Amino acid sequence: MAAYNYTPADFKSDQEVKWCPGCGDHAILNAVQRAMPEVADTLDTPHNRFVFISGIGCSSRFIYYMKTFGFHTIHGRANAVATGVKVANPDLSVWVCTGDGDSLAIGGNHFIHAIRRNVDLNCLLFNNEIYGLTKGQYSPTTKLGKITKTSPYGTIEKPFNPGELVIGAKGTFFARTIDAEVELTKQCLVAAARHKGMSVVECLVNCVIFNNRTHADFAADKATRAERTILLRHGEKMLFGAANDKGLVRENGRLKVVTVGQEGYTLDRILTHDAHERDTSLHLMLAAMKYPDFPVAVGVIRDVEDEYVYDGKVGEQVAEVQKANPIRTMDELLHSGETWTIG
Amino acid sequence: MNHKQVQELQDVVIRFSGDSGDGMQLTGTLFSDTSALMGNGISTFPDYPAEIRAPQGTVAGVSGFQVHFGARRIINPGDYCDVLVAMNPAALKANRKWLKANATVIVDGDSLTEANFRKAGFKTDDPVAELGLEGYNLVVPDITSMTREALKELELDNKSVVKCKNMFALGICFYLFQRPEDHAKSYLDSKFARKNPLIAEANKRAIDAGYNFAANTHQFANTYTVPTAPLEKGTYRSINGNVATAWGLMAAAEKAGLPLFCGSYPITPATVILEELAKHKELGVKTVQAEDEIAGICTAIGAAFAGNFAVTTTSGPGLSLKSEALGLAVMGELPLVVVDVQRGGPSTGLPTKTEQSDLQQALYGRNGECPVVVIAASTPGDCFRFAFEAGKIAMEHMTPVILLTDGFIANGSQPWRIPQMSDYPAICPPIVEPHPEGEAFMPYTRDARHVRGWAFPGKAGLEHRIGGLEKDHLKGCISYDPSNHQEMVRTRAAKVAAVVEDLPRQEVFGETQGDLLVIGWGGTRGHLQSAVEALQEEGKRISLCHLNYINPLPDGVREILQGFRRIVVCELNEGQMAGYLRQHFQEFRFEQYNKCEGLPFTTVELTSEFNRLLEE
């Protein structure tokens with residue numbers, strides 16, 4: 001643990017923040033700037049080793065507001081560019097800012113392959129279930145039937161649930177947070193940074209202009225949020241509700257919401273969250289929970305250690321080959337193998 | 001028992017051909033490497049179908065490997081062959097048109113079956129008459145059955161035995177041209193001995209059997225020697241264009257003192273560059289086999305941003321996919337080398353055949369005003385030098401560079417005089433040192449050549465943001481200011497134009513004045529030079545101006561153009577360079593000679609065209 005004593009102000013650039021008033025992205029920016037000093041100290045990472053990479057979309061403007069190294073790339077490609085950055089210099093702390101259009105539509109390929117390779121990136125997936133920057137077309141996470149500018153009669157495409165996608169692709173880290181929950185977002189970010197490998201943090205953000213209140217059923221009202229979401233913490237019982245008296249049990253292989261003390265359900269029957277479990281089945285079920293049948297799961301849902309971290313393995317392989325092969329210069333390589341001399 | 005005559009030849013072309021599973025590429029490579037080791041000049045041309053195992057016995061499935069060797073420096077693989085080895089009737093049919101008058105044709109007699117005639121589309125069971133092969137020196141040994149006989153003592157299955165018939169054919173050619181067998185044998189040992197020593201032994205015995213068969217029978221009237229070529233003194237190795245490209249990139253990384261990063265996706269005929277780079281982790285090379293072409297270039301752009309020497313390698317369709325990202329590298333002013341090993345297009349086109357039709361894509365195939373440096377290599381060996389130069393220009397001028405090679409030079413090999421790295425210049429990228437605290441770092445300030453600094457993440461005080469949106473000319477932050485955009489468009493163009501200061505003046509091969517100036521670029525150099533040289537020897541007033549630097553064009557081109565009565569631009573496309581030159585030099589008349597057959601030029605067709613132009 002180092003002590004750089006950074007403050008959030010050390011991570012604020014001089015650029016004017018240009019998101020719409022009321023946009024959920026403001027709160028995420030706030031949480032990120034508050035998380036960075038802790039990440040710097042926890043992982044002994046000085047300021048100049050933070051890199052933010054983004055694609056295209058409202059969320060991708062994020063990097064201009066961070067006083068770090070930043071690269072605002074092209075639509076869908078942030079995860080690919082970030083993979084190159086991390087492999088080129090594994091000492092960097094690399095953060096990806098991307099949206100549901102950027103990483104789940106045009107950049108879907110790079111997103112799943114970054115997960116498959118388990119590159120040590122921290123990917124903030126801003127999910128507002130809409131294309132905002134192009135002014136209101138449906139995205140791969142837009143709810144079925146939703147009327148948007150390109151679905152004037154309602155969408156006829158089923159949406160992705162990003163958590164199911166990440167965990168289904170054997171992602172090693174997945175967390176979910178809500179824009180208004182700045183402290184929770186910060187905790188998820190610090191956990192993502194600590195995780196070695198690809199960490200995806202889904203931020204449920206509200207687009208006030210084109211998809212207002214899309215997450216409102218469970219996320220808008222602080223008073224009902226406790227009843228309609230469940231904060232998962234590793235090693236703790238899966239309890240929720242204003243009185244913390246509701247919980248999740250598993251019956252016949254399926255999750256069920258129960259009230260402790262009713263119908264014979266005691267606290268012992270309530271599941272304990274194990275974010276480190278390699279098997280994906282329960283994590284998938286937790287990530288898939290939808291209001292009103294279930295509370296929406298937030299917090300760190302999956303955090304699994306895996307020795308196969310791509311950027312680390314690239315370096316290890318170079319070191320192994322160097323141990324076995326004595327060639328160190330081009331001159332040596334040029335003269336290796338079959339050669340002949342004339343004159 | 002042997003009273004055959006030994007005849008000395010200056011120049012021989014052999015074409016090995018058979019089914020795409022018959023091992024013709026290996027056979028040709030072993031013959032050419034053996035000849036190179038003997039000190040001959042060499043040029044080779046592999047010509048194979050895209051299918052790994054195309055329908056057996058059909059003309060479409062014929063794979064060929066041509067070797068041109070001689071007692072002088074050889075600069076093209078030869079148009080027509082002196083010896084054709086055909087392992088089946090389809091190979092005979094496919095290559096009939098490439099026979100020189102009086103050529104020797106060696107056909108596997110066992111393959112001359114009705115079924116094979118039918119598969120190859122013969123109308124009769126008499127290929128000699130049907131193809132008009134009377135008058136050629138036709139030799140029809142039963143290669144398959146003699147191979148089987150020679151290997152009968154080895155406990156090998158029939159399939160493995162039959163697979164050795166290519167080595168029997170190689171043995172015949174070794175005898176015919178008095179080549180030693182040791183190189184081929186030691187290659188077979190190193191390839192098979194550990195995994196399957198029996199296979200190595202079988203292949204070696206097949207070479208001996210072929211050699212002995214040729215020596216003991218009277219089917220070949222003569223044997224031939226080809227004296228060593230008076231090549232420049234030095235240490236040589238055999239190299240193909242793709243390997244030379246990979247090594248040139250590695251050499252540039254070494255000279256810059258930076259790690260080499262390659263993000264690529266497999267695509268014919270460029271894949272070997274990625275494969276070669278993936279081997280050389282001992283020199284710290286990092287390769288990412290990306291999920292697609294776009295990720296290939298995007299990982300490279302990320303690596304360039306992070307301070308590696310970054311490259312991506314591809315062929316035409318892949319360059320199309322990389323276009324948008326290439327624009328990002330232009331906007332971000334990051335060093336990047338994109339290698340395009342051109343093949344026949346458009347679309348999937350002719351993956352294994354050569355063409356030069358990506359030139360305009362390389363120059364212009366992006367949205368916006370988006371100039372990049374474009375250079376082209378012209379021989380297998382000089383792929384090394386131009387890959388090195390691509391890296392040097394990219395890093396020193398903070399710009400993407402497209403290096404154009406093509407399927408012909410990428411797959412072709414030649415004896416290559418090994419350079420000393422001390423003969424190559426240092427590469428000095430404008431790396432920015434950590435910045436004092438409190439002082440604002442301006443990422444888009446530039447030097448007199450319009451080059452900005454390379455500020456890696458990890459260095460204190462250099463934190464900055466860049467991206468694909470138009471940049472403020474100093475701070476690098478987003479700017480929608482009209483005059484700033486105008487200034488940046490012109491600055492990016494001026495930066496690429498300023499690369500000309502680093503380029504050697506354009507040379508002309510031959511006199512600076514004359515009747516006909518031949519202009520070529522890239523991989524056609526060997527054929528163009530041979531044709532021009534032949535006519536110069538006849539006293540014709542013809543010269544060659546062969547371009548390697550395309551954008552920017554080097555100094556001296558206009559002066560060369562002024563010295564000739566006629567100018568003809570020869571290229572393996574429908575006139576892309578001609579159009580480019582017309583745009584730059586509007587006062588001249590450029591005639592064209594073009595070919596899109598998926599094949600290199602022949603010197604015969606070139607000399608005939610040049611004679612026509614000279615006589616008109």
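1. Two strands are said to pair here if DSSP finds at least two bridges between them. With that in mind, and remembering that this is a predicted model, one may turn to chain A, where strands in the order 8-9-10 form an open sheet of three strands with antiparallel pairing. Strand 8 (239–240) and strand 10 (254–259) of chain A stand at the edges, each having a single partner strand, so one side of each is left without a neighbour in the sheet.

2. Within this sheet, strand 9 (residues 246–251) of chain A runs antiparallel to strand 10 of chain A, and the two are joined by six bridges. As a point of orientation for the reader, A:K246 is found opposite A:T259, which belongs to strand 10 of chain A.

3. Apart from neighbours within four places in sequence, the residues in contact with A:M238 are A:I230, A:L232, A:G247, A:L248, A:I270, A:L271 and A:H273. Of these, A:I270 lies 32 residues away along the chain, yet its C-alpha atom is separated from that of A:M238 by 6.5 Å.

4. Turning to the place where the chains meet, 53 residues of chain B are in contact with 49 residues of chain A. Several elements of chain B give two or more residues to the side that touches chain A, among them strand 9 (234–240), helix 10 (241–256), helix 13 (316–332) and strand 17 (465–467), while helix 12 of chain B gives the most, with nine residues. By class, this side of chain B has 27 nonpolar, 14 polar and 12 charged residues.

5. In strand 17 of chain B, B:I466 is the bridge partner of A:F71.

6. Finally, in chain B, helix 7 (residues 165–176) packs with helix 9 (residues 197–216) at an angle of about 45°, the axes being 6 Å apart, which makes helix 7 of chain B oblique to helix 9 of chain B. The crossing of these two helices is right-handed. Residues making the contact include B:F168, B:G171 and B:Y175 of helix 7 of chain B, together with B:A206, B:G210 and B:F213 of helix 9 of chain B; by class, the contact has 15 nonpolar, three polar and one charged residues.

Notes
Residues numbered from 1 in each chain as written. Chains lettered and ligands numbered in written order. Predicted model: local features only at pLDDT ≥ 70, side-chain atom pairs only at ≥ 80, totals over all residues. Contact = placed C-beta atoms within 7 Å. Helix = DSSP H or I, 4+ residues; strand = E, 2+ residues; numbered from the N terminus. Nonpolar A, V, L, I, M, F, W, Y, C, P; charged D, E, K, R; others polar. Axes fitted to C-alpha atoms, helices over the stretch in contact; angles between N-to-C directions. Parallel < 35°, antiparallel > 145°, perpendicular 65-115°, else oblique. Left-handed = near helix turned anticlockwise from the far one by under 90°.
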